[in-house]
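Please read the following report alongside the sequence and the model shown below.

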Amino acid sequence: MKTILRNMALCAFSLCSIATYAQQDRNVVFHMSDKTTKTVSLAGVDSLTFEKAVRNPLNLDLDIHSTYVKMIMTCSDPNMHYYVSYLEKEVFDAEYPTDEALVADDKTWMEEMAKSYGMSLSEMVSSFTYTGNSDDYQANLLPGREYVVWMHGMDEQANSSTPVTKIAFRTKNVDRIANTVTLTAEKTAEGINVTATPDDKTKNYTLGFFPTLKMRDEMTGEPQGTRDYMQTGISSALYDYLVNNEMPLFFENNAFKGDTKITYTNPKDGTEYYIVAAYLDDDAAICSDISQITVNKDGSLSDVTMVKAPAKLFGKTVRRYAKADGIRRQN
């Protein structure tokens, strides 16, 4: 016992000496574990206290593309559950001025989801969170947009158990190409026969047909332009291919090369449609002007027009998401 008290006294004396010396010279030199030193000025400091830093067991890194982001998540505690989500930065900044507001809303969201799925809160936390080291994707993104991804530990009652880790990022802009896809269309008894003729038959392009009434933001209900509506649909289809490392298969199943002829059957009378075509880059981002034909409400067809690719691309407000049993779900 005396030895312990003596050691404590010596430690206190040493710290007191350091503080006194620092006050005299106004600098303290730290000798780091990598053999370097750091000098810190203590001018104006009246006293020194020594506190043990709390280390966050979570770390998040991002591999950013134009239409998706890969999230590389590490956790030094293999038993900890942690929650990951995202929003557009503008929405995030407006809704969550503090981390306290953010984690409180995460808890509320988890409680609401538990009721919706008929699960206990602990079961929902277990299903909609990660453990250990993990990689995952968010693929419902648009080029040139700012988002925030955040993560924090979560106990079985959906309370936050760690500081919040946040990363704000901008998806990559798209390198525009000068190539175009020529469209022709003809209305027949079977439907609308469409021919797409690309000027570069080695590149992937998208070809679509949809009613213009659907071109609205799923969350806000606000109208969307042709490019944003097309890109949203393309980006949202990427997730399964990304997690299975099958991006080439995405293009096989969802894109075209060379001349294409297709018939869109049974367009509804009194409904306006767009027939569209544009090139895609390796991230499945629209990288060219969009060729567009309008099917008018009376069934007549307009001449082909071009939707020009802007210098910067803007898109819809996105929703948060969570992982459940390896399946991406969006509320």
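This is a predicted model: local features need pLDDT of at least 70, side-chain atom pairs count only at pLDDT 80 or more; totals for chains, interfaces and linings use all residues.

The report takes up a sheet, the nonpolar cores and the cysteines in turn.

Strand β4, which covers residues 69-75, is joined to β3 by 7 bridges, and the two run antiparallel. One of the residue pairs involved is that of Ile64 with Val69, the latter being its bridge partner in β4.

## Nonpolar cores

The largest nonpolar core comprises 23 residues, and those with the most contacts inside it are Phe210, Leu238, Leu242, Met247, Phe250, Phe251 and Ile286. At least two residues of this core come from each of the helices α5 (226-236), α6 (239-243) and α7 (247-254), and likewise from the strand β14 (273-279).

When neighbours within four places in sequence are left aside, Met247 is in contact with Leu238, Tyr241 and Leu242, as well as with Asp282 and Asp283.

## Cysteines

A disulfide is a covalent bond between the sulfur atoms of two cysteines. With sulfur atoms required to lie within 2.5 Å, the count of disulfides in the model is 0.

Cys75 has a relative accessible area of 8%, and Cys287 has one of 4%. Because buried means under 20% relative accessible area, Cys75 is classed as buried, and Cys287 is classed as buried too.

Conventions:
Residues are numbered from 1 along each chain as its sequence is written. Side-chain values use heavy atoms; hydrogens and water are left out. Two strands pair if DSSP finds at least two bridges between them. Helices (H or I, at least four residues) and strands (E, at least two) are DSSP runs, numbered from the N terminus. A nonpolar core is a set of buried Ala, Val, Leu, Ile, Met, Phe, Trp, Tyr and Cys residues joined through side-chain atoms within 4.5 Å. Buried means under 20% relative accessible area, exposed over 50%, partly exposed in between (1.4 Å probe, protein chains only). Contact means heavy atoms within 4.5 Å.
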